[in-house]
Amino acid sequence: MPIGSITRGTTGTNRLRRVDRWIAQLPAFRRATDPLVVDLGYGASATTTLELHQRLGRVRPKVEVVGLEIDPARVKLAAISARPGVRFTLGGFEVPLPGGRSATIIRALNVLRQYRESEVFAAWYHMVSRLEPGGVLVEGTCNEVGSVASWVDVAADGPRTLTVSLRLADLERPSIVAERLPKVLIHRNVPGERVHEFLLDLDRHWQLNASLSAYGPSQRWIATAKGLVEAGWPVQAGRSRWKLGELTVDWAAVAPRGFAW
Ligand SMILES: C[S@@+](CC[C@H](N)C(=O)[O-])C[C@H]1O[C@@H](n2cnc3c(N)ncnc32)[C@H](O)[C@@H]1O
């Protein structure tokens, strides 16, 4: 029996573009000998799996992508969209792969959102155990159109970072992402929790740099990221990522109180 439960299948074209773009630059993906990427819980249509294959194929043309779904009806429907390098399979958090192969990357977006917080770690452990050495689980949430997104990357030694990725045009407050945090953090945006402090500071620096909007929202976001670095937040350096509306911070700086791997 696949591990997990069938949940709502909501998905959409281009919804996961921000996370696809981030995965495409991951060293674990770029340097893999034979990259095998799993799109776990692709939902009611094959769309996000096909898009993932297309985007990653620009970097590694021979990438193989497996769409994995726990709902047999959704697998049957998606299977007609299979093509060289893309196939669709029934499965859950145990991540069944042909020949017992391990995955380079497992992406699970908008899957754990519909589970309980207490179920997150078991799901992470299952998925991480199916990664090849150096592989990465990318688990997170986004809004319907993908303009507000966040995810955690988890390796064999535990979670590494939290990434926030936002469409900057017309952005009022970056803490809008609070509604779309990964399940492990979404209930932790409360006083006393580090992710709450982080979002407060993110908003504060965004406001402090409001005048830079005249040069475009990317300049304002870059200044916001620099402000957070100066304030001591372990934000990963990278103007080239910041200008896209991304910001990646070390997991330890936002982990729930009492978190242990
Ligand atoms: C909201 S949809 C997300 C679709 C797509 N990933 C997206 O972000 O647009 C969640 C899907 O995950 C599937 N799902 C839930 N638990 C799963 C599990 N343990 N293994 C595989 N699929 C699962 C559900 O059946 C549902 O189709």
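Which residues have the most contacts inside the largest nonpolar core?

What we have here is a predicted model, where local features need pLDDT of at least 70, side-chain atom pairs count only at pLDDT 80 or more, and totals for chains, interfaces and linings use all residues. Residues are numbered from 1 along each chain as its sequence is written.

Okay, the overall look. Along the principal axes, the C-alpha atoms fill a box of roughly 55 × 40 × 35 Å.

Now, 43% of the 261 residues are buried. Buried means 20 or more other C-beta atoms within 10 Å of the residue's own, exposed means 12 or fewer, and partly exposed is in between, with C-beta atoms placed from the backbone.

Back to my opening question. The largest nonpolar core has 67 residues, and V37, I106, M127 and L137 have the most contacts inside it. Domain 1 (17–166) and domain 2 (188–250) both give residues to this core, so it lies between them. Such a core is a set of buried Ala, Val, Leu, Ile, Met, Phe, Trp, Tyr and Cys residues joined through C-beta atoms within 7 Å, and the domain bounds come from an automatic or database domain assignment.

Take L137 from that list. Leaving aside neighbours within four places in sequence, L137 is in contact with residues including I106, W124, M127 and V154. Contact here means C-beta atoms, placed from the backbone, within 7 Å.

How do the domains meet? Their centres, taken over C-alpha atoms, are 27 Å apart. In terms of contacts, 7 residues of domain 1 touch 7 residues of domain 2. On the domain 1 side, strand 7 gives the largest share, 6 residues. By class, that side has 4 nonpolar, 3 polar and no charged residues. For the classes, Ala, Val, Leu, Ile, Met, Phe, Trp, Tyr, Cys and Pro are nonpolar, Asp, Glu, Lys and Arg are charged, and the others, Gly among them, are polar.

Stay with strand 7 (residues 158–166), which runs antiparallel to strand 8 and is joined to strand 8 by 5 bridges; strands pair if DSSP finds at least two bridges between them. S165 stands opposite E246 in strand 8. Strand 8 (residues 246–250) is mostly covered, with 4 of its 5 residues buried.

Next, helix 3 (residues 47–57), where T48, T49, L50, L52, H53 and L56 are buried. What do they pack against? The partners include helix 1 (17–24), strand 1 (36–40) and strand 4 (103–109).

N14, in the segment before helix 1, has a positive phi near 70° without being a glycine, and N14 counts as exposed, with 12 C-beta neighbours inside 10 Å. D170, in the loop between strand 7 and helix 6 (183–186), has a positive phi of about 65° and is not a glycine either. D170 is exposed, with 7 other C-beta atoms within 10 Å.

Key: Helices (H or I, at least four residues) and strands (E, at least two) are DSSP runs, numbered from the N terminus. Two residues are in contact if their C-beta atoms, placed from the backbone, lie within 7 Å.
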